[in-house]
Amino acid sequence: MTTEAPHPLYAPLSVSLAPAPEPAPAARPAPEPAPLRLAPDRLRDVVVAGAGAVALCWGVQARPSARLDALFASGAHLTGLLAGYGVLVMLLLMARIPAVEHGIGADRLARWHSLGGRYVLGLVAAHGLLALCGYAVHTGTDLLAAVRGLLGYTWVAAACVGTLLFAGVGVASARPVRRRIRHETWRRIHLLSHLAAALGFVHQLAGPDLAAPVTRWLWAMAHATVGVVLVWYRVVIPVRRALRHDLRVSEVVAESPDTVSVLVRGRGVAELRAEPGQFFRWRFLRPGLRSTALPFSLSAPVRDDTLRITVKACGDHTRRIRRLRPGTRVVATGPFGALTAHRRTRRKVLLLAGGVGITPLRALFETLPGRPGDLTLLYRASDAAGLVLRTELEAIARERGAALHFLLGPSDAAFDPLAPGALRNLVPDLAAHDVYLCGPPGMARAATASLNRAGVPAHRIHSEDFSHA
């Protein structure tokens, strides 16, 4: 059913819809095997074990000494190895490995990548400072003379350039800076991290951090493996799929003055095994769009070899999408994301959307298994014009006997429809639900806090912000 929000500011939007009778059960085809998903705890264990192995390699080749220069050098070797290992982990986290993306989720991977980047920069700084102090003590010179002496080594100069590149990427990724630069610019700057990693690798092979031949060989194999994984998942697979599926824009449908749905059709699209709630990174091969791939979630289940996304114009790139023409070739990398049915742990489910965040939840609203009364969708928007795919949502609610509530009103209104009490009024047994949440970051944070206060534990609130994926 659909209802209005319980407050005078929220005008009635629709009448209650009676649940449709349940259809007779039909024979179901044998389910396809579930995609491989790496659990977050397992990934953390692997990363920690890898760091332990790196420390062990350092310990095997360390030469105990109480001399001050040797102590500085030993610390520099350890921090350098850990920094190099951290760089490999950062690259793997964003290599778009399906099992990692499906199990961890794009938003969590992005957070881990950001946090790990800070640790790596700290280790690089510590490595440089310890190496400088060790060299100064060993040569009996001051720090300025030590800097000049170290820069005379080519492999040290390469490391300095790599460090500056990493620092530039870190500055560009800082929240105040990133808000002020275009997404395309940020991505190009971020690509410099690959060059910085290569320079760091050259520095470590030529320098004293890897004194033993065995550790040098292992280090080279680790870097070669990561390089192959990056090329495979970020280049080979996208190109192969583009040739195999021949995706093209088939139709662009206006959903509102600033929002369109883009239908993309190809060959054998079912082979992609895209699940409702997931997203692709889309590259439209036309001027002004081909240089950047942006993440957009599927706004409908895959049907008849057709994928659909719904995009709101909020920048140069998204405004150009509104002018796409049928026949435009498309390269879609994915699917990615963990906001899928596999996260479900309860029979009853609340879907909570804000703005264009309705798109993945609309696909889940149609496909999540459930009996009449099991599913509830709350859709927050500033006014009725901000409701996207409203007709489809009402039709799904009518057909499935699900509850649908539109929560309209300005975000600064005195009454907050996402307050704990308001949520409990709309969903009386809220604490017994799983919650799927997607919306603008501010709305998502406020809704998560309200859900926690209303009795929904954090592990049953499933959300994913892939806007910076």
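Trainee: Which residue in S9 does Leu350 stand opposite?

Mentor: Leu350 faces Thr376 there. Keep in mind that this is a predicted model: local features need pLDDT of at least 70, side-chain atom pairs count only at pLDDT 80 or more, and totals for chains, interfaces and linings use all residues. Residues are numbered from 1 along each chain as its sequence is written, and side-chain values use heavy atoms, leaving out hydrogens and water.

Trainee: In what sense do S8 and strand S9 pair, and over how many bridges?

Mentor: Pairing takes at least two DSSP bridges between two strands; strands (E, at least two residues) and helices (H or I, at least four) are DSSP runs numbered from the N terminus. S8 and S9 (residues 375–381) are parallel, with six bridges. S8 also runs parallel to S11 (residues 434–438), joined by five bridges, and Val349 stands opposite Asp434 in S11.

Trainee: Which way do the residues of S8 point, and are they buried or exposed?

Mentor: In a regular strand, side chains alternate between the two sheet faces. Val349, Leu351 and Ala353 point one way, Leu350, Leu352 and Gly354 the other, and all are buried (under 20% relative accessible area, 1.4 Å probe, protein chains only).

Definitions and conventions: Buried < 20%, exposed > 50% of the residue type's maximum accessible area, 1.4 Å probe, protein only.
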